[in-house]
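Here is a short report on one protein chain. Look at the sequence and the fold first, then read on.

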Amino acid sequence: ITCNEALLTQLAVDGGNFHFIDTPDKILSAFGVELGGLISTFGQNVKVRLLPGEHVKIEKVLNDLTVTELDSGATEVACDDLLAEQPYHLVVRFKTDKVSKTFPRDTTILKAETTFFDTVAKATTTMETAMKVRFVKPDEADTQDNPLVMQEVALQKVVAAQAEAIKAADQGDFTRARDLLLELANYACSVDSDMARNLGAATRGMVG
């Protein structure tokens, strides 16, 4: 799947604009530029630093963003602009070690420090939050997937699979490109989310 930049630029000449969108989060940013105050940007130069707790390992950031591994063991992610009243989802896969005993209270396993330039206050702002879990006995564990989380996972996997398929197609390996998209479509259709299933169905329709 490719686009003709020259053609799109020409189509936008008569009073219009064009945007190159390579991640889902940039769709809203593009609308924000075109709609002005209706969707306003309030955070720029956004960086999220993920600090894993003891016995926690960050395996991968699924979003198609610039990720830097720091010497401190933290992971820094350069994110897209933040838009007013619009959620921004960062999907992270991490692994924790088993613990020998349960705890009566929640335990912090991951901290996130977000730094961005506040376009309203005209100043750099830092926000912190923590992800907590409660370790329980095996028979008390919640084994059900969260539909909203799995929906975001499916969305980011769609983006990654499409990028890999485009790369394979550009190299002339159309069989691999098709297989990548079909594998992704089957996964998305298996997720307990209407949005994910729609993405899977749309991907299947795209490859036939």
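The protein chain has five helices and eight strands. Both kinds of element are DSSP runs, numbered from the N terminus: helices are H or I with at least four residues, strands are E with at least two. From the N terminus on, the order is α-α-β-β-β-β-β-β-β-β-α-α-α.

This is a predicted model, in which local features need pLDDT of at least 70 and side-chain atom pairs count only at pLDDT 80 or more, while totals for chains, interfaces and linings use all residues. Residues are numbered from 1 along each chain as its sequence is written, and side-chain values use heavy atoms, with hydrogens and water left out.

**The chain as a whole**

The chain has 208 residues, and 28% of them count as buried. Buried means under 20% relative accessible area, exposed means over 50%, and partly exposed lies in between (1.4 Å probe, protein chains only). A contact means heavy atoms within 4.5 Å. Of the contacts with a separation of 6 or more, 63% are between residues 24 or more positions apart.

**Strand β1 and its partners**

Strand β1 covers residues 41-52. Two strands pair if DSSP finds at least two bridges between them.

| Partner of β1 | Residues | Bridges | Sense | A bridged pair |
|---|---|---|---|---|
| β7 | 107-118 | eight | antiparallel | L51 and K111 |
| β4 | 75-78 | four | antiparallel | L50 and T75 |

**Two positive phi angles**

Where does N45 sit? N45 is in strand β1. Its phi is positive, about 50°, although N45 is not a glycine. N45 is exposed, with a relative accessible area of 62%.

K122 also has a positive phi, about 55°, and is not a glycine. K122 lies in the loop between β7 and β8 (123-133). K122 is exposed too, at 61% relative accessible area.

**Cores and cysteines**

In soluble globular proteins, nonpolar side chains tend to be buried together. A nonpolar core here is a set of buried Ala, Val, Leu, Ile, Met, Phe, Trp, Tyr and Cys residues joined through side-chain atoms within 4.5 Å.

The largest core has 15 residues, and V46, V48, L50, V77, C79, I109 and L110 touch the most other members. Strands β1, β2 (56-61) and β7 each give two or more residues to this core. The largest share, four residues, comes from β7.

Which residues does V77 touch, leaving out those up to four places away in sequence? They are V46, K47, V48, L50, V61, L65, T66, V67 and L90.

C79 is buried, with a relative accessible area of 13%. C189 is partly exposed, at 23%. A disulfide is a pair of cysteine sulfur atoms within 2.5 Å. The count of disulfides by this rule is zero.

**A helix pair**

Two packed helices are described by the angle between their axes and the distance between the axes. Helix α3 (residues 147-170) packs on helix α4 (residues 174-190) at an angle of about 175°, with the axes 8 Å apart. Axes are lines fitted to C-alpha atoms, for helices over the stretch in contact, and angles run from 0 to 180 degrees between N-to-C directions.

Helices α3 and α4 are therefore roughly antiparallel, a term for angles over 145 degrees. Among the residues making the contact are M150, V153 and A154 of α3 and F174, R176 and A177 of α4.

Conventions
Parallel < 35°, antiparallel > 145°, perpendicular 65-115°, else oblique.
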